[in-house]
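I'm opening my notebook on this one and jotting down what I look up as I go. Rough notes, but whole sentences.

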Amino acid sequence: MNDVDRSGCRVGSRLIGRERDLAYIRSHFDHSGRGAALLLSGEAGLGKTAVLEAVAAEFRHEGAQVLRASGVQYEADISYAGLNQLLVPFFDSFGFLEPDHRDALRVAVGIGDGPPPNQLLVSTALLFLLRRIAREKPLLITVDDLPWLDRATTSVLAFVARRLTGSDISFLAATRVPSDDSFALGDLSEHRLQPLDDVASGELIRSAHPDVPLLLRRRIVAEAHGNPLALVELPTALKSRQEAGASLPSVLPLTERLQKLFASRVADLPLASREVLLVAALEGTGDLGVIEAATGSSPVVDALEPAERDRLLTLSTTARRMSFRHPLIGSAVVTGATAAERRRAHEKLADALTHQLERRAWHLGEATTQPTGTVADLLEQAAHLRSRRGDALGAVAALTRAAELSPVPADKSRRLAEAAYLGAEATGELADASRLLAGAQQADPAAESSLHAAAASALLLINQDGDVSTAHRVLLDAIEGGEHGWDASDETLLEALFTLNLLCWYSGDPEKWPPLFRAIDRLAPAPPDLLWVCAQTFADPARTGTRALSRLDELLSDIGEDPARIVRLGHCAVYPDRLADLREPSMRLVESGRAGTAPLRRYLAALLHVCLADYDAGKWDHVLTLADEGIRLCEENGYRFLTRKFQYPLALVAAARGDTEASAVLTEEIVGWATPRGADGVRALACHIRGLTALGSGDFESAYLHSTTLTPVGSLPPYQPQAMASAVDVVEAAVRTGRVAEAAAHTAALRASTMAELSPRLSMLVLACEALITTDESCLPLFEEALSQVDDGQWPFDTARVRLFYGERLRRHRLTSQARGQLAEAARVFDQLGAAPWKTRVTAELRASGHVSMAAARPTKGPLTAQEREIATLAATGLTNKQIAERLFLSHRTIGTHLYQIYPKLGINSRAALRDALAALDVEDIG
């Protein structure tokens, strides 16, 4: 565990989750003028001590002195013990006081002789002393654990705290809630600390216990209810159980510190109340009917009355519900009971829940101490029920407990293997999945060939240091050699096939796909629609996607709330451009993941699909936020492959916005990870990014080389779906570099495929490619037809690119007015997106069309023509003469001649001065 302070809120030098509280306290002292006091209140364990220390550190940093005192229980009856603690550093300064005040203070703190001093005299002496000390430096007084401070010191400090106005003294004290000390009776301002939110709670656990897996972390966050001390202590209480590989208990145990904090009042309750409270804590839902049936107490509220009176719980007799005021009170009840008492309580609850299979199975599992096949079978059934409704975390817990209770090694192995697969594929618990898989193989060496074990192994391989080919072979061998009879209703087999589908895509290897299709074709009586559609739209969508579109649209009309179904539909929707139809359910899944109620793997996949949908929709700032969130989660939980996929939308935005450095770094990381692992499908993402980056900057030669690395010119390679993303890049780069034949060949390949039939966007792009390779005026109707494929506002970046192409051709055919309309709209969209390189390109076209302001037309050393203005602007971006010539369909010698004439007109003598000279012309923002 990292260095954690006793309040649990600070890890090392970091105070987690208290930024707003510190800001409030800082504001209080800043806005109250000279001399201010504040009472900090909160429940035990909320981190009041850490906040006091953080405020003290800030004051010290600003040059103030800090005096500290802390209430100590065994000194609470010693008068002025707290004052002694506070003033130890200044005993030698008492001489500044008048004799009466000096002597009173010396006697009070125990360093002088004499009769007990008058409290008013001591209070006045302390005030005078503090004011004298504060003349040299501003002074902060902090008092912790105020309820344990002796009453005499409390009264004196209360006197001083109300008389600080006009001084350089600040006063901050911490007390528990509810507060019954003399400060609470005064008129001091009070700030109450609240529990940490879930985000801060998760961050605190990760910082204090970085090795705690996600499943346990979420459970602790739910149980701790934002209490920092509990968040830091609970992982310690569970460490030995976790290392032993046991399943989590239904109620988390408490450490000695937490027992002291939460259990003291429980121990004072009558025996009958404690027995009912134990059943209530283990029952978990607060259903008084179940608690009554299990305990035989009728009415049960009578037995709970002492606990209600002591504010340990709340009761609703109308709703027939009870709840603990803090979840850890229930933990304290369970921790205080013996093992035998807990088993008997679980048995009673199992007897009361005969018609609720999942809950009955769980209580039987907790009550059982020896391997029992009947109970293990019930737990496995419960796990499958939980898995079907999307509760993968609960399913893993039930399967793990079922394995612990399995008397037959093969059953234990099978259950652990299934839990390992769910851990790797759904919950995000890769570390736990590795441990569970090792347990399965230890229980039965033959487990390696089971479908669940093979699928878990494959997922672990690709997220660790293994390669995609090995993972594919392990899983394919298990599928082809399994004893499943190719039953289309076998959920284990279907899970394995979905996983194999992903592995094939990761590989980017056309030879990996046919075995998957053969396996799907063997399913009887017929493959499920979702699996079949996924294979058609995800493998080779440019050839097979259209045959699945009608069934895909039917599936999208009834999405449901099952996380696995939402994610798999997302895979189906990527290449046919249907992700927008899934954005709302995907975002709900993301929100559930953030709240800790959805499996991490599903949460991440949905987050990625929202990223891609928002990129298409032009919500690029949101893309950056979501992708950063995804990368952070992947890095924290070991999902290294998914990290690369989240880098893709980040790099897309960087490329389109002209951030070449970020784009280069991201693509290098993608390639560096994917290449040694044989993940050519992932590496293809980098090729697309590099081509787009080069196009934006006008480096058409590089754009051609990068784009044709992904997709050879003149073909759409089979089982390379990413080739569709670069199709228009290949054609544009080829046209710009004079490779007319190559551009035509590639456009023909696009037309020969069914790519244009997948979505309106793809249809627009294919038509735009046809227009680009058409040199006469017949290209213009093609551009019109292309733009008519999409509705206004759809796919804004791609649509603006087509408008740029169209505007260029309109200008070259001397249809200047129409050209300006297309170009101005493209400029508006590029500006809105922040796509600076593309706006530069379209601005140059607008100027060439004569769309310049009066300010731009004013002569300096001499006026620039529209074409000169266009050339100067492009040269200012760093393009070479050859690159400018390629863009403007001129020779590089002509560009050189123009620049030779441009420099004197602008009063400059080098290309390096172009940018500033152009800025001085004050061109209006045509966007």
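Before looking at side chains I need the exposure terms: buried means under 20% relative accessible area, exposed means over 50%, and partly exposed is in between (1.4 Å probe, protein chains only). This is a predicted model, so local features need pLDDT of at least 70 and side-chain atom pairs count only at pLDDT 80 or more, while totals for chains, interfaces and linings use all residues. Residues are numbered from 1 along each chain as its sequence is written, and side-chain values use heavy atoms, with hydrogens and water left out.

**Entry: salt bridges**

I looked up salt bridges (a side-chain nitrogen of Lys or Arg within 4 Å of a carboxyl oxygen of Asp or Glu). The structure has 41 of them.

I started with glutamate 305 and arginine 309, whose closest N and O atoms are 3.3 Å apart. They sit 4 residues apart in helix α14 (residues 300-309), which means about one helical turn separates them. For my own reference, helices (H or I, at least four residues) and strands (E, at least two) are DSSP runs numbered from the N terminus. An α-helix has 3.6 residues a turn, so residues three or four places apart point the same way. Glutamate 305 is partly exposed at 40%, and arginine 309 is exposed at 58%.

Next came aspartate 377 and arginine 415, with 2.7 Å between the closest N and O atoms. The aspartate is in α18 (residues 373-388) and the arginine in α20 (residues 409-427), so this pair ties together parts that are 38 residues apart in sequence. Is arginine 415 buried or exposed? Arginine 415 is buried, at 2%, while aspartate 377 is partly exposed at 39%.

Arginine 657 and aspartate 621 also meet in a salt bridge, 3.1 Å from N to O. Here α33 (residues 640-657) is tied to α32 (residues 620-637), the two residues being 36 apart in sequence. I also found a network of salt bridges linking Asp729, Glu732, Arg736, Arg801, Glu808 and Arg841.

**Entry: rings**

Rings of Phe, Tyr and Trp (its six-membered ring) pair if their centres lie within 6.5 Å; planes under 30 degrees apart are stacked, over 60 edge-to-face, and the rest tilted. My search of the whole structure gave 16 aromatic pairs. Tryptophan 513 and tyrosine 719 are a stacked pair, 6.1 Å centre to centre with 15° between the planes. That pair links distant parts of the chain, 206 residues apart. Tryptophan 513 is buried, at 1%.

Phenylalanine 830 and tryptophan 838 have ring centres 6.0 Å apart and planes at 40°, so I noted them as tilted. Both of these residues are buried. Ring pairs also join Trp505, Tyr506, Phe538, Tyr575, Phe641 and Trp673 into a cluster.

I checked charges over rings too (NZ of Lys or CZ of Arg within 6 Å of the ring centre and within 35 degrees of the ring normal). Lysine 645 has its charged end over the ring of tryptophan 505, 4.8 Å from the centre. Arginine 551 lies over the face of tryptophan 532, 4.1 Å from the ring centre.

**Entry: a hairpin**

Strands pair if DSSP finds at least two bridges between them. Strand β8 (residues 313-316) and strand β9 (residues 321-324) run antiparallel and are joined by 4 bridges. Threonine 314 has serine 323 in β9 as its bridge partner. The two strands form a hairpin with 4 residues between them, and arginine 320 in the turn has a positive phi of about 55°.
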